[in-house]
Amino acid sequence: MDTKTTTTKTGTAAKTAKATKATKAATATKTTKTAKAAKTTKAAKAAAPAARATRTQPEVSFYLQYANREYSFAEIRQLVLDKCEAEEMDPKDLRIYVKPGDDKAYYTCAGGSSSIAL
């Protein structure tokens, strides 16, 4: 009886050892695949900003319609820039706020702030 028990225990231990080796090998393979996928993802993320930088931006026309009037952003922007130049203001960091109810466009920039009539 001792021989059978020893053989059974040895056979079970061998099976357990094989299963453990197989699990370790599978884990190592998964880890390698995960590392490769992470490298690929990092490379793709690094390439994405370069692709965005080369893409040209479409020209957009922006209009605001209010109280049977239409305001073109391009025209308002040009009027504001002209006024900044006339008042010798620096248009750096220009922000324009359109208030169609007041029929005015207010703006702020590095050189100060003011408004124009629409």
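## Cys-84 and the cysteine pair

At 0% relative accessibility, Cys-84 is a buried residue. This value, like the others in this report, is computed from a predicted model. Cys-109 is likewise buried, its relative accessible area being 12%.

The cysteine sulfur closest to that of Cys-84 belongs to Cys-109 and lies 4.1 Å away, which is too far for a bond. Seen from the other residue, the sulfur of Cys-109 has that of Cys-84 as its closest cysteine sulfur, again at 4.1 Å and too far for a bond. A disulfide would require the two sulfur atoms to be within 2.5 Å. The disulfide count by this rule is therefore zero.

## Overall organisation

The chain contains two helices and five strands. Along the sequence these elements follow the order α-β-β-α-β-β-β.

Of the 118 residues of the chain, 10% count as buried. The accessible surface amounts to about 9700 Å², and carbon and sulfur atoms account for 56% of that area. Among contacts between residues at least 6 apart in sequence, 26% join residues at least 24 apart.

Helix 2 comprises 14 residues, 73-86. At 1.5 Å a residue it should span 20 Å, and the distance of 20 Å between its end C-alpha atoms agrees with this expectation.

The buried residues of helix 2 are Ile-76, Val-80 and Cys-84. Viewed down the helix axis, the buried residues of helix 2 fall within an arc of 75 degrees, so they line one face of the helix. The cover over these buried residues includes strand 2 (69-72) and strand 3 (95-99), together with strand 4 (104-109) and strand 5 (112-117). On the other side of helix 2, the exposed residues include Ala-74, Glu-75, Glu-85 and Ala-86.

## The hairpin of strands 1 and 2

Strand 1, residues 63-66, pairs with strand 2 in the antiparallel sense, over four bridges. The two strands form a hairpin with two residues between them. One of the pairings joins Tyr-63 to Ser-72, its bridge partner in strand 2.

Ser-72 belongs to strand 2 and is buried, with a relative accessible area of 9%. Apart from neighbours within four places in sequence, Ser-72 is in contact with Phe-62 and Tyr-63.

In the turn of the hairpin, Ala-67 has a positive phi of about 50 degrees, although Ala-67 is not a glycine. Ala-67 lies in the loop between strand 1 and strand 2. With a relative accessible area of 58%, Ala-67 is exposed, whereas Ser-72 is buried.

## Positive phi beyond helix 2

Two further residues with positive phi deserve mention. Just after helix 2, Glu-88 adopts a positive phi of about 55 degrees.

Asp-93 is located in the loop between helix 2 and strand 3. The phi of Asp-93 is positive, at about 60 degrees, although the residue is not a glycine.

Technical notes
Residues are numbered from 1 along each chain as its sequence is written. This is a predicted model: local features need pLDDT of at least 70, side-chain atom pairs count only at pLDDT 80 or more; totals for chains, interfaces and linings use all residues. Side-chain values use heavy atoms; hydrogens and water are left out. Buried means under 20% relative accessible area, exposed over 50%, partly exposed in between (1.4 Å probe, protein chains only). Contact means heavy atoms within 4.5 Å. Accessible areas come from the Shrake-Rupley method with a 1.4 Å probe; for residues, only the protein chains shown count as cover. The expected span of a helix is 1.5 Å times one less than its number of residues. The arc is that of the directions from the helix axis to the C-beta atoms. Two strands pair if DSSP finds at least two bridges between them.
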